[in-house]
Amino acid sequence: MRITDDGILDSARQIASPNCDARPAGSAVELIVIHNISLPPGEFGGPGIVELFTNRLDPGAHPYYREIANHKVSSHFLIRRDGEVIQFVPCEKRAWHAGESSWRGRSRCNDFSLGIELEGADDVPFEEIQYAKLAALVRALKEKYPIADVTGHSDIAPGRKTDPGPNFEWGHLSGVKP
Ligand SMILES: [Zn+2]
């Protein structure tokens, strides 16, 4: 895996999300935030995540979708259960994944972070291939950006977010985490 100068992961499938904008001037990419997501919750393999991140989620397709269909959210990357890596937002841009958040006393983590979603749920173990792809992706991102930490969404938004959840095994990143 390699990140181009435009912030594109060369090996990823590219699906552009409109839910992004420019990072504030002078903000370096210093943080990686790990999330989990599944749509509908607890179901894997469907089109819901891509539809949510591209504002095409049908509010009538599932009761939960009515609550979230108008949310404007995205992440830079999604790693599916089978290991496929999809990129929605170039790393140079700000994706909308962290929401109200704080890391080492700095708020608005979206300004200086990259979001990586693992297709999953808090109460389900992740797949080995997801950890392998995540470790390779973190390694490639560290080559390109001054990454100071890899953290979980629940660590920067405690009390509000629980992902990536208790099943996420940080040990898989022990060789690559700063
Ligand atoms: Zn999250």
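I began with aspartate 163, which counts as buried because its relative accessibility is 7%, under the 20% cut-off. The model I am reading is predicted.

Next I looked up the metal. I found the zinc ion coordinated by His35 through ND1, His153 through ND1 and Asp163 through OD. The distances run from 2.0 to 2.1 Å. Along the chain, I noted the donor spacing as H-x117-H-x9-D. Histidine 153 sits in helix 4 (residues 153–156), while aspartate 163 is in the segment after helix 4, 10 residues apart.

I checked burial for histidine 153 as well. Its relative accessible area is 3%, so I logged histidine 153 as buried.

Then I turned to the peptide bonds. Aspartate 163 came up again: a cis peptide bond joins it to proline 164, with omega of about 10°. Proline 164 lies in the segment after helix 4. I logged another cis bond between leucine 39 and proline 40, where omega is about -10°. I placed proline 40 in the loop between strand 3 (31–37) and helix 1 (48–53).

Last, I looked at phi. Asparagine 55 is not a glycine, yet its phi is positive, about 60°. I located asparagine 55 in the loop between helix 1 and helix 2 (63–68). Its relative accessible area is 31%, so I marked asparagine 55 as partly exposed.

Arginine 104 also has a positive phi without being a glycine, at about 50°. I found arginine 104 in the loop between strand 7 (102–103) and strand 8 (106–107). With a relative accessible area of 60%, arginine 104 went down as exposed.

Definitions and conventions: Residues are numbered from 1 along each chain as its sequence is written. This is a predicted model: local features need pLDDT of at least 70, side-chain atom pairs count only at pLDDT 80 or more; totals for chains, interfaces and linings use all residues. Side-chain values use heavy atoms; hydrogens and water are left out. Donors are N, O and S atoms within 2.8 Å of the metal (3.2 Å for Na, K and Ca); water is not among the atoms, so sites may look incomplete. Helices (H or I, at least four residues) and strands (E, at least two) are DSSP runs, numbered from the N terminus. Buried means under 20% relative accessible area, exposed over 50%, partly exposed in between (1.4 Å probe, protein chains only).
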